[in-house]
Amino acid sequence: MRHEKEEVAVLVRAVPEKSKKDGNGHAVGIIGINKHGEMLRLYPLGFRYGEGLVDFRKNDLLEFTVTRPEHDVRWESRKVLSHVNLEKPLKEREIKELVLPLVTSIEKLNLKGATLGVVKPKILDLEIKVNSTEAYDRQQYFNLIGDFLEKGEKAARMPVEIRYFFKCEGENACRGHKITLLDWEFNEDVRNIIRDEQEPAAIESKIKKHFSDLMKERELYFIMGTHFTYGTWIITGLFWLEKNGKLQSSLSEF
């Protein structure tokens, strides 16, 4: 297969998964955007817990050597052979200018056959289900999310399941969606809440307050992606603009 070079700014760091080749390692994927305004899914980038974690953050510009994946037919997907952090993160204005023209609806993404996209949701409700108050170790927590992704929600449970009920803003054809959130940084916030609270009701209350506080200050966009096996939509990342129009590049220091 042909090898190509891609310079991509990081929008979403996917939840780490256990590496199938290295039992002690993990792999992480990203959703990013190139200078042409194209969204790409790049995987895998290897790392180990306890060794600096991943070597990039949101907005960082990475240079990838990529090829087409053998088993992933989604046209936005690329298999990563190597990557280098160019140490030239895009400015907030540059990210905003690349992302906002992509805002659309799930209905239009489906018509295009896309598997990545950006939508501006009109939030109708937030459903939180606390399945475990014990999985607050980072590796254990993400392993459970990995099981959920691999086996599906009927066979595996995330420690805390968060689903949004929403409509795509500006889309008359949208009848509403109920979709699971898998944002890495938001799940880090949830994991920290579990560390301090043991009662499911208190955990749910704190998560809802955290989200409500964010919504008061910022405009919310969803970075959407489809599940590799099932083709269903997942909220892979939360993208925030401050009310004055500035980009909020990170929810937490991670």
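The legends below describe close-up views of a predicted model.

**View 1. Helix H4 and helix H5 cross each other in the predicted model.**
Helix H4, which spans residues 184–196, and helix H5, which spans residues 200–217, have axes that come within 10 Å and cross at roughly 140 degrees. Because angles over 145 degrees count as roughly antiparallel and those from 65 to 115 as roughly perpendicular, H4 and H5 are therefore described as oblique to each other. The crossing in which H4 passes H5 is right-handed.

**View 2. Side by side, residues of H4 and H5 make the contact between the two helices.**
On the H4 side the contact is made by Phe186, Asp189, Val190, Ile193 and Ile194, while H5 contributes Ile203, Lys206, Ile207, His210, Phe211 and Leu214.

**View 3. Three strands form an open sheet in the order S9-S10-S11.**
The pairing in this sheet is antiparallel, and the twist from one strand to the next averages 25 degrees. Strand S9 (121–130) and strand S11 (177–180) are the edge strands, each of which pairs on one side only.

**View 4. Strand S10 pairs with S11 in the antiparallel sense.**
Strand S10, made up of residues 160–168, is joined to S11 over four bridges. Within this part of the model, Arg163 stands opposite Thr180, a residue of S11.

**View 5. Helix H5 lies across strands of the sheet.**
The strands that H5 lies across are S9 and S10, and the helix runs at about 160 degrees to S9.

Conventions: Residues are numbered from 1 along each chain as its sequence is written. This is a predicted model: local features need pLDDT of at least 70, side-chain atom pairs count only at pLDDT 80 or more; totals for chains, interfaces and linings use all residues. Side-chain values use heavy atoms; hydrogens and water are left out. Axes are lines fitted to C-alpha atoms, for helices over the stretch in contact, and angles run from 0 to 180 degrees between N-to-C directions. Angles under 35 degrees count as roughly parallel, over 145 as roughly antiparallel, 65 to 115 as roughly perpendicular and the rest as oblique. A crossing is left-handed if the near helix is turned anticlockwise from the far one by less than a right angle, and right-handed if clockwise. Contact means heavy atoms within 4.5 Å. Two strands pair if DSSP finds at least two bridges between them.
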